[in-house]
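These are my notebook entries on a single chain. I record what I looked up, entry by entry, after the sequence and coordinates.

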Amino acid sequence: MKAVILEDYAIQQGDLDWSGVEALVPDVTRYGRTAPEEVVPRIGDAEIVFLNKCRIDETVLARCPKLRWVGIIATGTDNLDLQACRRHGVAVANVPGYSTHSVAQMTFSLLLAICQCADRYDRLVQDGRWRTEDPAAYRLLPQVELLGKTFGIFGYGSIGRQTARIARAFGMEVLVCTRTVRPEYAADGVEFVDFDALLARSDVLSLHCPATPATRGLVNADSLARAKPGMILLNTARGALVDEQAVADALKNGQLAFYGADAFGTEPLPQESPLRGLPNALLTPHIAWATNEALQRLIDITTNNLRTWLDGAGENIVNA
């Protein structure tokens with residue numbers, strides 16, 4: 001049996017230990033960042049493929065007829081046509097929950113950087129200054145205390161729920177808009193509201209949902225116009241949730257105070273992106289999930305997904 005690993009460029013920043021996979025399938029070939037036109041020739045006649053950003057669809061499956069199992073080195077399944085995989089008899093397994101705490105932590109890393117500017121004050125001090133009469137030169141903002149502010153969350157899966165816990169620890173009122181309110185949420189100390197109320201009342205709005213036909217473009221010119229003026233918007237979920245031009249316009253006209261993002265519609269972020277160069281946009285390269293601890297969980301679950309499939313069962317299969 002032959003396996004191929006198509007590692008994403010971001011994953012290579014970590015040190016994933018593939019020895020467990022190699023013990024299960026000795027014939028393993030690893031590749032770095034893979035362009036779309038390289039996917040088919042690199043998979044070739046392999047039965048097993050691990051990937052993150054690469055697209056698997058009807059065209060790829062038709063040209064790789066020996067493929068039987070795909071291990072997503074991530075949680076999201078956006079890049080795979082799951083129905084086509086099912087038609088071709090290809091099982092797809094993902095890695096749920098590995099980055100919950102890391103992504104929630106990054107959400108507040110962005111928010112704290114926005115509200116207290118620690119990184120920008122560090123640059124000021126490193127430049128030999130102490131205070132400055134030109135705050136714009138360092139993108140300094142008036143510092144904001146989170147206590148008593150309203151933190152809105154769209155999407156209440158494991159990451160949204162963990163983010164709510166952190167917000168409450170800061171003394172924030174937490175509003176949640178989610179498709180399904182489950183009985184176990186009753187003890188969370190949050191208020192469930194519709195999207196209009198979430199927009200109107202949130203001082204900070206944080207996105208924590210997948211990109212689906214219902215959520216793509218969720219934050220657009222219309223929804224931003226209905227948002228509380230001066231709101232801070234955070235996106236550590238999916239770039240497709242946001243109309244980036246509309247966000248840039250709202251940042252320029254003051255409807256949004258700040259945008260903190262770790263996910264973008266096109267990645268890497270194009271040089272011509274309207275978000276680049278804005279003083280009130282804090283942008284990180286889709287790296288929230290890549291703490292050392294999350295990476296270890298990622299490879300452990302990925303390896304176990306393969307092991308259980310080889311044993312005839314298969315855990316975390318998303319297209320059964």
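**Entry 1: C209**

I began with C209, which touches F154, G155, T215, A237, R238 and L241, leaving out residues up to four places away in sequence. Contact here means heavy atoms within 4.5 Å. C209 sits in the loop between β9 (204–207) and α9 (221–225). Helices (H or I, at least four residues) and strands (E, at least two) are DSSP runs, numbered from the N terminus. Is C209 buried or exposed? I recorded a relative accessible area of 9% for C209, so this residue is buried. Buried means under 20% relative accessible area, exposed over 50%, and partly exposed in between, with a 1.4 Å probe and protein chains only. I also took the C-alpha separation of C209 and T178, which is 8.8 Å for 31 residues along the chain.

**Entry 2: Basis of the values**

I noted that this is a predicted model, in which local features need pLDDT of at least 70 and side-chain atom pairs count only at pLDDT 80 or more, while totals for chains, interfaces and linings use all residues. Residues are numbered from 1 along each chain as its sequence is written, and side-chain values use heavy atoms, with hydrogens and water left out.

**Entry 3: The chain as a whole**

I counted eleven helices and twelve strands in the chain. The C-alpha atoms fill a box of roughly 65 × 50 × 30 Å along the principal axes. How does the radius of gyration of 21 Å stand against that of a compact globule? For 320 residues a compact globule would have a radius of gyration near 20 Å, so the 21 Å of the chain agrees. The radius is taken over C-alpha atoms, and the globule rule is 2.2 Å times the number of residues to the power 0.38.

Of the 320 residues, 47% count as buried. I looked up the accessible surface as well: about 15,100 Å², with 50% belonging to carbon and sulfur atoms. These areas come from the Shrake-Rupley method with a 1.4 Å probe; for residues, only the protein chains shown count as cover.

Among contacts between residues at least 6 apart in sequence, 63% join residues at least 24 apart. The mean positions of the 31 positive and 38 negative charges are 2 Å apart. Lys and Arg count as positive and Asp and Glu as negative; His and the chain ends are not counted. Each charge is placed at NZ of Lys, CZ of Arg, CG of Asp or CD of Glu.

**Entry 4: Annotated ranges**

From UniProt, in an unreviewed entry, I took "domain: D-isomer specific 2-hydroxyacid dehydrogenase catalytic" for residues 29–319. Over residues 29–319 I found 33% helix and 15% strand, with the end C-alpha atoms 25 Å apart. UniProt, again in an unreviewed entry, places "domain: D-isomer specific 2-hydroxyacid dehydrogenase NAD-binding" at residues 109–288. Residues 109–288 are 28% helix and 17% strand, and their end C-alpha atoms are 10 Å apart. UniProt positions are given in the numbering used here, feature names are shortened, and annotations may be inferred rather than shown by experiment.

**Entry 5: L234**

L234 belongs to strand β10 (residues 231–235). Its relative accessibility is 0%, so L234 counts as buried. Beyond its neighbours within four places in sequence, L234 is in contact with residues including T107, L110, L111, I114 and F151; V204, L205, S206, L207 and G260 are also among its contacts.

**Entry 6: Backbone geometry**

I looked for a cis peptide bond and found one joining E267 and P268, with omega about -5°. P268 is in the loop between β11 (256–261) and β12 (281–283).

Phi of C117 is near 60°, a positive value in a residue other than glycine. C117 lies in the loop between α5 (100–116) and α6 (118–126), and with a relative accessible area of 0% it is buried.

H286 also has a positive phi, near 50°. H286 is found in the loop between β12 and α11 (292–310), and its relative accessibility of 15% counts as buried.

Where is H88? I placed H88 in the loop between α4 (82–87) and β5 (91–93). Its relative accessible area is 28%, so H88 is partly exposed. Apart from neighbours within four places in sequence, H88 is in contact with E58, L61, A62 and R68. H88 and H286 are 198 residues apart in sequence and 31 Å apart in space, C-alpha to C-alpha.

L278 is in the loop between β11 and β12 and is buried, at a relative accessible area of 12%. Not counting residues up to four places away in sequence, L278 touches R139, A248, L251 and K252.
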